[in-house]
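The following exercises are to be worked through with the sequence and the model side by side.

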Amino acid sequence: MSVIVQAVFLKGVNYKDNETRIFGYLGCPKDASINNKYPGVVLVHGGGGTAYKEWVKQWVDAGYVAFAIDYQGNMILKFAKIFFKKGI
């Protein structure tokens, strides 16, 4: 299956009047569209880890749209897209 996985930032809720962003990897099958839907899964790591691109790819290969979230600030900055709308 052809897979697209990219690093993204989602807008989070403000904290002490400051904007926050949520980093993660978003992956979906290349043929996913509004007319060709796939089930989705949110991948939340545990134990001091981070968002893993490889984990997203495994889920996409299994037929899911996947988002691996990083909630501790471990992230790459290069090539990350920023999405400010609710939902993608």
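**Exercise 1. Locate valine 42 in the secondary structure, and decide whether its side is buried or exposed.**

Solution. Valine 42 belongs to strand 3, which covers residues 40-44; strands here are DSSP runs of E of at least two residues, helices are runs of H or I of at least four, and both are numbered from the N terminus. The model is predicted, so that local features need pLDDT of at least 70 and side-chain atom pairs count only at pLDDT 80 or more, whereas totals for chains, interfaces and linings use all residues. Residues are numbered from 1 along each chain as its sequence is written, and side-chain values use heavy atoms, with hydrogens and water left out. Because its relative accessibility is 57%, valine 42 counts as exposed, given that exposed means over 50% relative accessible area, buried under 20% and partly exposed in between (1.4 Å probe, protein chains only).

**Exercise 2. Which residues form a nonpolar patch on the surface?**

Solution. Val42, Val44 and Tyr71 make up this patch, and together they have about 310 Å² of accessible area.

**Exercise 3. Where does alanine 51 lie, and which residues is it in contact with beyond four places in sequence?**

Solution. Alanine 51 is found in the loop between strand 3 and helix 1 (53-61). With a relative accessible area of 7%, alanine 51 is buried. Once neighbours within four places in sequence are set aside, its contacts (heavy atoms within 4.5 Å) are Phe23, Gly24, Tyr25, His45, Ala68, Ile69 and Asp70. For tyrosine 25, which is 26 residues away along the chain, the C-alpha atoms of the pair are separated by 6.6 Å.

**Exercise 4. Which residues form the largest nonpolar core, and which element supplies its largest share?**

Solution. The core comprises eleven residues, namely Val5, Ala7, Phe9, Phe23, Tyr25, Leu43, Ala51, Val56, Val60, Ala66 and Ala68; a nonpolar core is a set of buried Ala, Val, Leu, Ile, Met, Phe, Trp, Tyr and Cys residues joined through side-chain atoms within 4.5 Å. At least two residues of this core come from each of strand 1 (3-11), strand 2 (21-29), helix 1 and strand 4 (65-70), and strand 1 gives the largest share, with three residues.

Methods
Patch = residues over 30% accessible without salt bridge, like charges linked within 9 Å, V, L, I, M, F, W, Y side chains within 5 Å. Areas by Shrake-Rupley, 256 points an atom, 1.4 Å probe, with all protein chains shown as cover. Salt bridge = Lys/Arg side-chain N within 4 Å of Asp/Glu carboxyl O.
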